[in-house]
Amino acid sequence: MMKKFTIRRVCLAGAGFVLSALSLLSLCFTVVKMDLQNAMGVFGDYFTATPGTAEHGFDLLDGKSNILVFFESFLREFAESANITMIFSSDFSALEIYAQVFNVFILIFSVLMCAGSVLWLFFCKSDRVIKTIAVSAVWVAVAYLIEGLLYTVYLNSTWEDILTAADETSLVFFKSMFTTAAYVPLILVAVFETAFWILHYKLSMREGNAATEEHAQPVADVSVLPAERGAFTPSDLQYLRELKKLCDEGVLTQQEFDEAKAKYFER
């Protein structure tokens, strides 16, 4: 059964949809970026061979990273030129799978949240659904940030291990070759999350005040007659109710009812 549209309902559903869309669009921000500016000064044109210097979540949905392929090849050639033996594995397939799982999860969950926001607007009564969507958007953004941090930390750590093994102190100025922009979606979601809860609070307060005012509307005090007639007593009310009931049932005509009421007021 479809629910009645209200300003509060439409606003909250819209805010929830925006948060869900931001979770989905987080995949457009860079997970890993190779900072090649300093490296080119040392290795010449070697870094121009890389097919891309930055990859976002959508690039990694297929489980293949061009940056990782290039970086693994570069590590092997660098180790060979530095006459060192790579005593650790530089196989990044596990990292690619990890990134793929994170990004597929974010994609599916974000689409479900967008659909949930629309369905809540039309069918759900409880606010619990839209609140859950709003909170989940934050966790999706946090998951994307974790992915970016682990990705860059692991790659920078691998590069530093190679530099340490090669004793390349001259390369210390670009030890951190990899960076991430995965924190940007979390900032955006945090801003809209704050706006969502402020909106929820304000609209709930407004709706609650409206309901209170509606129940507080003054009711005619039938226990009080106009000044010239005095005041009703409980017995007066009972008599008038019974008299009206007799009129409604046809025992008394309207004329007889009016005459009986007039005589009662004149006593």
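Trainee: At what angle do helix 4 and helix 5 pack?

Mentor: About 165 degrees, with the axes 10 Å apart. Keep in mind that this is a predicted model. Helix 4 covers residues 93-122 and helix 5 covers residues 128-166.

Trainee: Parallel or antiparallel?

Mentor: Roughly antiparallel, because the angle is over 145 degrees.

Trainee: And is the crossing left-handed or right-handed?

Mentor: Left-handed. By class, the contact of helix 4 with helix 5 has 20 nonpolar, five polar and one charged residues.

Trainee: Switching to the largest nonpolar core. Which residues touch the most other members?

Mentor: F71, Y151, L155, W159 and F178. That core has 44 residues.

Trainee: Which elements give two or more residues to it?

Mentor: Helix 1 (7-25), strand 1 (30-34), helix 3 (66-81), helix 4, helix 5 and helix 6 (183-215). Helix 5 gives the largest share, 14 residues.

Trainee: What does Y151 touch, leaving out residues up to four places away in sequence?

Mentor: V31, V32, L60, S65, L68, L95, Y98 and A99.

Trainee: Now the whole chain. How many helices and strands?

Mentor: Eight helices and three strands. Along the sequence the pattern reads α-β-α-β-α-α-α-β-α-α-α.

Trainee: How much of the protein is buried?

Mentor: Buried residues are 35% of the 267.

Trainee: And what share of the contacts with a separation of 6 or more comes from residues 24 or more positions apart?

Mentor: 77% of them.

Key
Residues numbered from 1 in each chain as written. Predicted model: local features only at pLDDT ≥ 70, side-chain atom pairs only at ≥ 80, totals over all residues. Heavy atoms only, no water. Axes fitted to C-alpha atoms, helices over the stretch in contact; angles between N-to-C directions. Helix = DSSP H or I, 4+ residues; strand = E, 2+ residues; numbered from the N terminus. Parallel < 35°, antiparallel > 145°, perpendicular 65-115°, else oblique. Left-handed = near helix turned anticlockwise from the far one by under 90°. Nonpolar A, V, L, I, M, F, W, Y, C, P; charged D, E, K, R; others polar. Core = buried A, V, L, I, M, F, W, Y, C linked by side-chain atoms within 4.5 Å. Buried < 20%, exposed > 50% of the residue type's maximum accessible area, 1.4 Å probe, protein only. Contact = heavy atoms within 4.5 Å.
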